[in-house]
Amino acid sequence: MNTSETAARIPPLRELLTVLGAGMALAIWTPDPASAGTVLKISTLAPEGSGWARALREMDADLRAATDDALKLRIYPGGVQGDEDVMLRKIRIGQLQGAALGGTGVSRVCREVLALEMPFLFGGYDEIDYVLAQTEQEFKALFLDQGFVLLGWADIGFVHLLSKDPVRGTGDLHGLKIWRLQGEPITEVLFEKAGVTSVPLAIPDVLLGLQTNLVDVVYASPAAAIILQWFTRVGYYTELPINYTLGAFVVHRKYYDGLSAEHQELLTRVAAARIGEHNLRGRGDNEEALRIMRAEGLQPVVPTEADVASFRSLVEESRPELVGRAFSAPVYERILRHLGDFRGRRDGG
């Protein structure tokens, strides 16, 4: 199977997806005349045809059908509006009204989201679903404090290490050059504590970094690794889910408030339904992606209990520097309390 055929078998995911270009100038937003309807301009890094882009297209179709075109989305996929920092700037000055953001953009809006992405926090999707439900109103309020209406979490999935040499434990990272997402504080602290060489790069530069041996180790959800083509430049993936990552669909508060109450309710309801469907599809995509990577020749590396313990120990050692710096202690403690409550009930405690 060639590379393009492989990529086509997995719908691309939104947050770790490629940035394809610089932004285009648009007029400052105002609701269109009643005859044309109100248009919300929404940008995403996810390319056309990806799960995120499909979910946005479905939202648009639902809104148009329910309002006779009085409310609709104009979608800019594939990063044509620039990277997520650029998107956020355009939203704040009215050139866009919202975005389907990945991990970087979400944490730019609300750093507390990083508390949900701590390594080894979650053991499965049942825990994730419970904690997200319990913290939904708190995070909606946090986003609103920053001027954004949170309309839904997007599931990226669990992240794995992909490498040119086998990586079982933290000791195997020494002497290797590890990619680090530019501006992301958790990996910055972890790699510093581990005493390994990390190379900060933006998402679009990672494939070239692998091709030129600038980096030897990267990390991504399995489906993202295929869509980004990173899997074509490594020989191994570590069968250890490191952390869960997520994105969000947001609209700036001033544009949301400019909608009628009826249209606000409709947008909120349609977004929740379509993003929920997208998340269920995405979880299956990641499982399929692991099978495809193995079929394409990537070798799974299975850590021993001691290897897993080395990663967990690194996280524990780094925790004091992350809590209160990357995200606030009260938010993190509430997440841990909800997680503990769920595990206690599930396990009969």
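The dialogue below reads a helix, a strand and several salt bridges in a predicted model.

Reader: What should I know about the model before I read any feature in it?

Author: This is a predicted model, in which local features need pLDDT of at least 70 and side-chain atom pairs count only at pLDDT 80 or more, while totals for chains, interfaces and linings use all residues. Residues are numbered from 1 along each chain as its sequence is written, and side-chain values use heavy atoms, with hydrogens and water left out.

Reader: Where is the kink in helix 5 centred?

Author: The bend at a residue is the angle between axes fitted to the seven residues ending there and the seven starting there; in helix 5 a kink of about 55 degrees is centred on glutamate 136. Just after helix 5, glycine 147 takes a positive phi of about 90 degrees.

Reader: Which residues of strand 5 point each way, and are they buried or exposed?

Author: Buried means under 20% relative accessible area and exposed over 50%, with partly exposed in between (1.4 Å probe, protein chains only). In strand 5 (residues 160-163), His160 and Leu162 point one way and Leu161 and Ser163 the other way, and all are buried.

Reader: Which residue of strand 8 stands opposite leucine 162?

Author: Two strands pair if DSSP finds at least two bridges between them. Strand 5 runs antiparallel to strand 8 (residues 217-220), joined by 4 bridges, and leucine 162 stands opposite valine 218 there.

Reader: How many salt bridges does the whole structure hold?

Author: Side chains of opposite charge can pair when their charged atoms come close. A salt bridge is a side-chain nitrogen of Lys or Arg within 4 Å of a carboxyl oxygen of Asp or Glu, and a search of the whole structure finds 21 of them. One of these joins arginine 334 and glutamate 138 (2.5 Å, N to O); arginine 334 lies in helix 12 and glutamate 138 in helix 5, so the pair ties together parts that are 196 residues apart in sequence. Arginine 334 counts as partly exposed because its relative accessibility is 29%, and glutamate 138, at 22%, also counts as partly exposed.

Technical notes
Helices (H or I, at least four residues) and strands (E, at least two) are DSSP runs, numbered from the N terminus.
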